[in-house]
Amino acid sequence: MIYSEAADATIEERVAKLEAAKPVVNSGDNAWLLTSSALVLMMPAPGLALFYGGLVRRKNVLATMMHSMVLMGLISVVWMVYGYSIAFGEGNAFFGSPTQYFLLKGVGGAPNSDYAATIPHQTFMLFQLMFAIITPALISGAFAERMKFSGFVLFMLLWVTVIYFPLAHMVWSKGGLFNWALGGKIPVLDFAGGTVVHISSGISALVCAFVLGRRIGFPSEPMPPHNVVLSLIGTGLLWVGWFGFNAGSAVGAGELATSAFAATHFSAASATLSWGAAEWFLKGKPSVLGVASGMVAGLATITPASGFVTAPSAVLIGLISGVVCYFAVTKLKAAFGYDDSLDVFGVHGVGSTLGMLMCGLLASAEVNPLIGSTFQTDGKPISLAGGMGQFLNQLKGVLFTVALGAIGTFIILKIVGALVGLRVSEDSEDQGLDLTQHGEKAYND
Amino acid sequence: MKKIEAVIKPFKLNEVKDALNEVGVQGMTASEVKGFGRQKGHTEIYRGSEYIVDFLPKVKIEIVLPDSQVSSAVDAIIKSARTGKIGDGKVFVSTVEEAVRIRTDERGEKAV
């Protein structure tokens, strides 16, 4: 039967059939996604490593940079062994099968048409890996200058396994609870990781700050950044890397990538201005570190909305972000007295929560036509464009992420505390982590 | 034999050194120090956290001289280090009991 059918068809028909059955790699898309993967890896190091490294005191700069550096090694290997499989394997609504892609079995040159039909499955895996590295690295700002290195490694291993991989599955994987495009129950719009990356790391950072406690001497003793210049170089690298993060999340090199690129840029630009203006108005001087913090806030805030909103909406999101995050970092932290040393919660947690909710109000089906008709309930398409309905869906996604991040992190910290300990001794904290944890000093002259 | 200790503004160090050379002072020791007097410090703000920085960078010069040279040296320092603004610094003069040149074992005024 098969042969006779084939004989009846023309060559064109047979070719068309084959092309429909087997997704084809588009070299333009693949080039952009490989570039984006490299850009996202530039965010943990040197981007974040410099940004955070400059903000701590000179005795802790190496230990702080080490957090980002060692995660590039640790998470990559874990991702290869079972991380990708839990995140993107087929499973239930909460996590994927750890065996489906165990040791990257079956993740090769052929595209996975569910996730990205025009690039090799392996490219998609690499792109997603870079997100898994930057997310835990963000948390490290909360416990900078006091966490024990062994405790850090164990904490991060458990954190990605219990929180990051499942959350990535829920939001971005086939059948995930919040996946609006691939069979989820609650349609949450999160283009590049507002929940998965920034709220999860932000809320976990807050829990870390409370559980580990303040640095010795905080807040009475001055702890100014030891080198703001390093932080500014890091900020610039983060902004550039973020284009890979957001525009790469279009998993292609078409119109959507360009529109996400534009939204990312305009939000960062406007938050730069609004944080600086808020500080100028309230404190009398616009600080350079404030302007840089505004850039990062604008980038973290637009992340979930970047593939769904117009450029003017992005400017609005950025303007509000700069002011809200400024108050989160200055007033909120002071009011509750926690020592989130490098403001992970105030910038990433608060910023991306704002971004998720504003995305629910401003998402546009003209920017991203898929949100107009892809999600269905009882066979009927439901539009996810901006409005009260989608705002509530976004809120559910945020609340779930906060609950998972907070409870999960608290339990992991208790386990790590009991097994290897969380904090260095008072003596070691006094001498600095560079010397006591790593046997080195950053500046020897 | 007297010791002159002068705490001055860092950017005045070269002028003071030249002025001392002119009145015949041949050597001195300078250190970077921190301190404050009536000038007090300033405020720095990092992400909304305000730090009051009391200690400002200063340079301290130490010279040991025969008694006869002291008053011209002090005058030279005052003249060259003065800007007229608060924070110009101070000069202290004290008696020194002994000086030794390590290379030759010379003692007293011959050693300074």
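This is a predicted model: local features need pLDDT of at least 70, side-chain atom pairs count only at pLDDT 80 or more; totals for chains, interfaces and linings use all residues.
Local features here need pLDDT of at least 70, side-chain atom pairs count only at pLDDT 80 or more, and totals for chains, interfaces and linings use all residues. Residues are numbered from 1 along each chain as its sequence is written, and chains are lettered from A in the order in which they are written.

**Exercise 1.** Describe the contact between chain B and chain A.

*Solution.* Start with the count: chain A gives 11 residues and chain B gives 6 residues. Contact means C-beta atoms, placed from the backbone, within 7 Å. On the chain B side, strand β3 (residues 42-46) supplies the largest share, 3 residues. Strands are DSSP runs of E, at least two residues; helices are H or I, at least four. Then sort the chain B side by class: 3 nonpolar, 1 polar and 2 charged.

**Exercise 2.** Characterise the packing of α12(A) and α13(A).

*Solution.* Take the axes, which are lines fitted to C-alpha atoms over the stretch in contact, with angles from 0 to 180 degrees between N-to-C directions. Helix α12 (residues 311-336) and helix α13 (residues 344-362) of chain A have axes that come within 9 Å and cross at roughly 145°. Next, list contact residues: α12(A) uses A:I317 and A:V324, among others, and α13(A) residues include A:V350 and A:L354. By class, the contact has 12 nonpolar, 5 polar and 1 charged residues.

**Exercise 3.** Find the residues that touch the most other members of the largest nonpolar core.

*Solution.* A core joins buried Ala, Val, Leu, Ile, Met, Phe, Trp, Tyr and Cys residues through C-beta atoms within 7 Å; buried means 20 or more other C-beta atoms within 10 Å. The core has 147 residues, and A:L48, A:I134 and A:A305 touch the most other members. Helix α5 (residues 61-88) of chain A gives the largest share, 14 residues.

Terms used:
Two residues are in contact if their C-beta atoms, placed from the backbone, lie within 7 Å. Ala, Val, Leu, Ile, Met, Phe, Trp, Tyr, Cys and Pro count as nonpolar, Asp, Glu, Lys and Arg as charged, and the others, Gly among them, as polar. A residue is buried if 20 or more other C-beta atoms lie within 10 Å of its own, exposed if 12 or fewer, and partly exposed in between; C-beta atoms are placed from the backbone.
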